[in-house]
Amino acid sequence: MTIFFEKNKKSINIKNILSLIKKNHTPIWIYDAETILKKIKELKKFDIIRYAQKACSNIHILKIMRKSNIKIDAVSIGEIERALAAGFTPKNNEIVFTADLFDKETLLKIVDLKITINAGSIDMLEQIGKISPGHHIWLRINPKFGHGHNKKTNTGGENSKHGIWNTHSALEIIKKYKLNLIGLHMHIGSGSNYNHLKKVCDAMVNEVLKLNQNIASISAGGGLPIPYHSNDKKINTKNYFQIWNEARGKIAQHLKRPIELEIEPGRFLVAESGILLTEVRAVKKMGKNNFVLIDAGFNDLIRPTMYGSYHRISAFSKSGDLIKTEKKIDTVVGGPLCESGDIFTQTKEGNIKARKLPILKAGDYLVFHDTGAYGASMSSNYNSRPLIAEILFKNNKFYTIRKRQTISDMLKLETECLIT
């Protein structure tokens with residue numbers, strides 16, 4: 001948790017949040033630019049940091065990345081357009097498209113702009129080879145094993161749809177269309193530990209030796225964890241780099257050429273920069289359970305419902321007092337949606353798990369910490385709820401970087417369609 005509500009004027013604190021609430025309705029996403037810059041510095045030993053923008057794809061966040069000489073990963077045509085809007089160009093591999101398939105529109109866009117692809121299937125290689133021989137490519141390899149903090153974030157092994165299983169077949173297509181193989185990418189899932197990391201590095205070295213292609217780069221993928229729980233240990237980025245650097249050294253020695261080492265973080269760069277600010281709208285007793293209902297739902301923050309993810313919660317009153325009473329009670333925090341699963345305090349199996357929180361009342365405010373990644377970017381209009389505002393705190397000022405969607409905005413795509 002990076003945001004502690006310090007009294008320092010240059011940080012996000014209760015006083016300036018209260019002033020923000022006067023101008024904006026809750027719920028609100030808030031990001032701290034300085035926290036993002038600090039996280040970037042932690043990875044500077046890598047030759048290239050490529051931001052996985054799916055974590056938080058607001059173009060103003062992307063501009064922070066570009067000004068810090070970060071490159072960008074895109075997984076859809078929409079993310080390509082976001083990268084272009086933020087000032088990234090297809091030159092010098094600033095943008096790489098990573099996917100397991102092409103839709104027709106995306107394929108044509110990639111060929112037109114000559115965007116490098118990170119291919120996760122043989123069909124992708126065949127499709128781009130037919131219309132763009134010599135295209136620059138990476139191979140995303142499935143090392144036949146995986147790992148993740150949740151089975152839904154596991155991106156390796158036979159139960160994962162990601163990556164190429166048979167690299168020999170991929171090599172045949174590459175040779176057939178004279179595709180330009182730049183590098184190899186290997187990512188097994190979010191939250192991987194050092195033992196699994198070492199396995200990935202060994203798998204990468206073995207794959208390079210097996211393919212014996214004159215590649216220029218390898219990618220460590222992403223998945224670096226952050227400490228969501230107060231007792232979670234922070235990842236040792238120096239150790240993380242060292243393990244990958246040793247693998248890079250073996251590859252460089254075998255190929256007798258320098259090898260660039262990329263890393264592709266998403267969550268690591270932005271999660272701790274963000275909070276979700278909400279207001280308590282109702283408190284109710286249901287048998288043994290004490291429910292606190294807030295104005296944000298899983299349409300805003302879906303991670304707890306989808307993964308059983310944990311986010312620390314702080315509370316403060318309308319008057320701006322941090323609620324830190326000694327007496328805390330078991331509390332279930334839920335949202336406004338017409339869904340029983342709209343619960344922020346649950347396990348990955350979907351069972352309610354009460355949290356020890358202060359006694360709260362309607363009108364108090366809750367803050368969900370570490371929501372900068374997979375918060376706004378995974379939000380939806382479910383229950384016909386408009387997307388909420390995104391606010392950036394930078395240089396001691398709040399800037400609106402995405403306006404709150406109106407109901408009129410939401411309905412416009414439908415009302416402009418005429419049925420006779």
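The following questions and answers cover helix packing and some backbone details in a predicted model.

Residues are numbered from 1 along each chain as its sequence is written. In this predicted model local features need pLDDT of at least 70 and side-chain atom pairs count only at pLDDT 80 or more, while totals for chains, interfaces and linings use all residues; side-chain values use heavy atoms, leaving out hydrogens and water.

Trainee: At what angle do helix H5 and helix H6 pack?

Mentor: Helices (H or I, at least four residues) and strands (E, at least two) are DSSP runs, numbered from the N terminus. Axes are lines fitted to C-alpha atoms, for helices over the stretch in contact, and angles run from 0 to 180 degrees between N-to-C directions. The axes of H5 (residues 104–113) and H6 (residues 122–131) are 11 Å apart. The packing angle is about 50°.

Trainee: Which residues of H6 make the contact with H5?

Mentor: Contact means heavy atoms within 4.5 Å. From H5 come Leu107, Leu108, Ile110 and Val111. From H6 come Gln127, Ile128 and Ile131.

Trainee: Which residues of H5 does H4 meet?

Mentor: The axes of H4 (residues 77–85) and H5 come within 10 Å and cross at roughly 35°. On the H4 side are Ile77, Ile80, Glu81 and Leu84. On the H5 side they meet Glu105, Thr106, Lys109, Ile110 and Leu113.

Trainee: How far apart are the end C-alpha atoms of helix H8?

Mentor: The expected span of a helix is 1.5 Å times one less than its number of residues. H8 (residues 194–211) has 18 residues, so the span should be 26 Å. The end C-alpha atoms agree with this, being apart by 26 Å.

Trainee: Which elements cover the buried residues of H8?

Mentor: Buried means under 20% relative accessible area, exposed over 50%, and partly exposed in between (1.4 Å probe, protein chains only). The buried residues of H8 include Leu197, Val200 and Leu211. Among the elements covering them are helix H7 (167–176), strand S7 (180–185), strand S8 (217–219) and helix H9 (237–255).

Trainee: Is Lys114 buried or exposed?

Mentor: Lys114 is found in the loop between H5 and strand S5 (116–119). Its phi is positive, about 55°, although Lys114 is not a glycine. With a relative accessible area of 64%, Lys114 is exposed.

Trainee: Which peptide bond is cis?

Mentor: Pro27 lies in the loop between helix H1 (14–23) and strand S1 (28–32). Omega is near 0° for the cis bond from Thr26 to Pro27.
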